[in-house]
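Here are some exercises for reading a protein structure step by step. Try each task yourself before you look at the solution.

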Amino acid sequence: MRNDLCAKVLSFTNDHELIKSGDKVLAALSGGADSVALLHILDSLKEELHITLCAAHFNHGIRGEEADRDQAFATALCEKYQIKLFCEKADVPAIAEESGESLELCGRRLRYAFLERIAKEIEGAKIATAHHSDDNAETVLWNLTRGSGIGGLCGIPAKRENIIRPLLCCSRAEIEGYCDDHQLEYVTDSTNLSDEYTRNKLRHQVMPVLKELNPRVGESIAHTAALMRETDEYFNEISVKELKQAETDRGYECERLLQLPLIVLRYAVKNLLGSAGAPVDFRHIALIIEAMRRSSAVELGQGFTAICSQGTLRIVRESEHHTQEVCIPFDEFIKTGGMRVKVRDGELELSESELKRLGIGENVHNLLLHHCIPCDIITCDTFFRYRRAGDIFTFARRGVTKSVKKLMIEMKLPREVRDTVPLIADGSTVLWLEGIGTSAQANKAITRNGEVYLIFGGSKNA
């Protein structure tokens, strides 16, 4: 008869669709009771689940001989079960000191990087970790003490991308009982006995008190975390839709976003920061919302700035455009940025395939003349680049000449965007500017019959 815990894990695995028939599963094996139980349960269920099982052990190099002992134990255990084991050792203390991370964060980062790398090597295996319900409760409590939002109270998910946690339905006591019932040997990490680490303080000092109040506190916290996860997903979905509605070609409409309920607005800003790769924390979100009301800016760190001006919110980062000169000879640019076409009787001659390539209809394609440069005025000094001091642009119809800097100010382009607007120039004379089209110098040279270069950037905006 199957052990009750095995049946519980199998049911949980099936209910959450953690494993599919034919999957390769890489079990993270530290050598502790949790990971040994995980390996034993997965090995017991591998035929029923139709999986290929292997294991991975990461030696953090933190505990010297004890860490080497754990690696030797993991090796012997996998030999006993005839399970392929992957091992890697790193000097986490030295790497953490160099990076400025804590030992906990550095070790976690390197361990997961190792697991992900091995998972790819064995053709997309799923990574199974031994997190259980007590770990989940400790995570929720820790996030609560830090003032986390709803997202932090969701606890540990049963799966995230290729990482699965089949033991999340089990308590630490159940897992230790399973090891005793099956006479499974395991090793004890001495750092787990010390209250030097934050999680250990929760485990040794806080959780026992809570269990006195409610012996099933782990289950209660897990239930609350599940509700929080549903809430988090709901607000996240709404905020994504609202961001799409508020999006413009320059950023996001502040007025529209500020009309949202505050909780949805917070989620919208959080998602915006996340999609930009910027740091995300509650303080930044609150500051950005206030900046939206006052039309100001917020420094976010890591080179990111949230800018709210002219009714638009943008998350910007120091771009390569600001630090590196981009200057491409026109002959090189046109190979990917345009095409050579004919003008006959003042109209562009575009084939069906060319119209399809441009994604336009034949009734509007002659508007593209505003984004054409005659072939015969291109010289060796014609370049595709970004603006420089002294650049000038002459409007084709009005004949008015302005500096590109002044023109961009009049166009109400945000300062951080101006150095990223492409143009084509011969010396300081701009022949074409993204968002406007060709200048008088290029437009006057277009005859009723001849050949021109059609610029793709402009064709999309025509």
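**Exercise 1. A histidine in its surroundings**

Is His57 buried or exposed? Then find out which residues surround His57.

*Solution.* Keep in mind that this is a predicted model.

Step 1: His57 lies in strand 2.

Step 2: Check the accessibility. The relative accessible area of His57 is 3%. Buried means under 20%, so His57 is buried.

Step 3: List the contacts, leaving aside neighbours within four places in sequence. His57 is in contact with Leu29, Ser30, Asp70, Gln71, Ala74, Leu85, Phe86, Cys87, Glu88 and Phe114.

Step 4: Pick one of these partners and compare sequence with space. Glu88 is 31 residues from His57 in sequence, while the C-alpha atoms of the two are 6.7 Å apart.

**Exercise 2. A glycine in a loop**

Work out whether Gly435 counts as buried or exposed, and where in the chain it lies.

*Solution.* 

Step 1: Locate the residue. Gly435 lies in the loop between strand 19 (429–433) and strand 20 (437–438).

Step 2: Apply the cut-off. Exposed means over 50%; Gly435 has 55% relative accessibility, so it counts as exposed.

Step 3: Look across the fold. His371 is 64 residues away from Gly435 in sequence, and their C-alpha atoms are 9.7 Å apart.

**Exercise 3. The largest nonpolar core**

Which members of the largest nonpolar core touch the most other members, and which elements supply this core?

*Solution.* 

Step 1: Recall a general idea. In soluble globular proteins, nonpolar side chains tend to be buried together.

Step 2: The largest nonpolar core has 43 residues, and Ile19, Leu29, Leu39, Ile41, Leu42 and Leu167 touch the most other members.

Step 3: Trace the elements. At least two residues each come from helix 1 (4–15), strand 1 (24–28), helix 2 (33–49), strand 2 (52–59), helix 3 (65–81) and helix 7 (172–181). Helix 2 gives the largest share of this core, with nine residues.

Step 4: Zoom in on one member. Not counting residues up to four places away in sequence, Leu42 touches Ile19, Val25, Ala27, Ile51, Leu53 and Ala128.

Step 5: A second, separate core has 27 residues, among them Tyr252, Ile288, Leu300 and Ile315.

**Exercise 4. Strand 1 and its partners**

Describe how enclosed strand 1 is, and which strands it pairs with.

*Solution.* 

Step 1: Count the buried residues. In strand 1, four of the five residues are buried, so the strand is largely enclosed by the rest of the structure.

Step 2: Take one partner. Strand 1 runs parallel to strand 2, and five bridges join them. Lys24 has Thr52 of strand 2 as its bridge partner.

Step 3: Follow the connection. From strand 1 the chain passes through helix 2 to strand 2, a β-α-β crossover that is right-handed.

Step 4: Take the other partner. Strand 4 also runs parallel to strand 1, with three bridges. Here Ala27 stands opposite Ala128 of strand 4.

**Exercise 5. Strand 10 and a hairpin**

How many residues lie between strand 9 and strand 10 in their hairpin? Describe the pairing of strand 10 as well.

*Solution.* 

Step 1: Check the cover. Strand 10 (residues 312–317) has five of its six residues buried.

Step 2: Examine the hairpin pairing. Strand 9 (residues 304–309) is antiparallel to strand 10, with six bridges, and Phe304 is paired with Arg317.

Step 3: Inspect the turn. Two residues lie between strand 9 and strand 10, and Gln310 in the turn has a positive phi of about 55 degrees.

Step 4: Strand 7 (residues 252–253) is antiparallel to strand 10 over two bridges, with Glu253 opposite Thr312.

**Exercise 6. Aromatic pairs**

Classify the ring pair Phe235 and Tyr267, then the pair Phe393 and Phe395.

*Solution.* 

Step 1: Start with the total. The whole structure holds eight aromatic pairs.

Step 2: Classify one pair. The ring centres of Phe235 and Tyr267 are 5.7 Å apart and the planes are at 35 degrees, so this pair is tilted.

Step 3: Phe235 lies in helix 9 (residues 217–246) and Tyr267 in helix 11 (residues 262–276), so the pair ties together parts 32 residues apart in sequence.

Step 4: Classify the other pair. For Phe393 and Phe395, the centres are 5.3 Å apart and the planes at 85 degrees, so this pair is edge-to-face. Both residues are buried.

Methods. Residues are numbered from 1 along each chain as its sequence is written. This is a predicted model: local features need pLDDT of at least 70, side-chain atom pairs count only at pLDDT 80 or more; totals for chains, interfaces and linings use all residues. Side-chain values use heavy atoms; hydrogens and water are left out. A nonpolar core is a set of buried Ala, Val, Leu, Ile, Met, Phe, Trp, Tyr and Cys residues joined through side-chain atoms within 4.5 Å. Buried means under 20% relative accessible area, exposed over 50%, partly exposed in between (1.4 Å probe, protein chains only). Contact means heavy atoms within 4.5 Å. Two strands pair if DSSP finds at least two bridges between them. A crossover is right-handed if, with the strands pointing away from the viewer, the path from the first strand over the helix to the second runs clockwise. Rings of Phe, Tyr and Trp (its six-membered ring) pair if their centres lie within 6.5 Å; planes under 30 degrees apart count as stacked, over 60 as edge-to-face and the rest as tilted.
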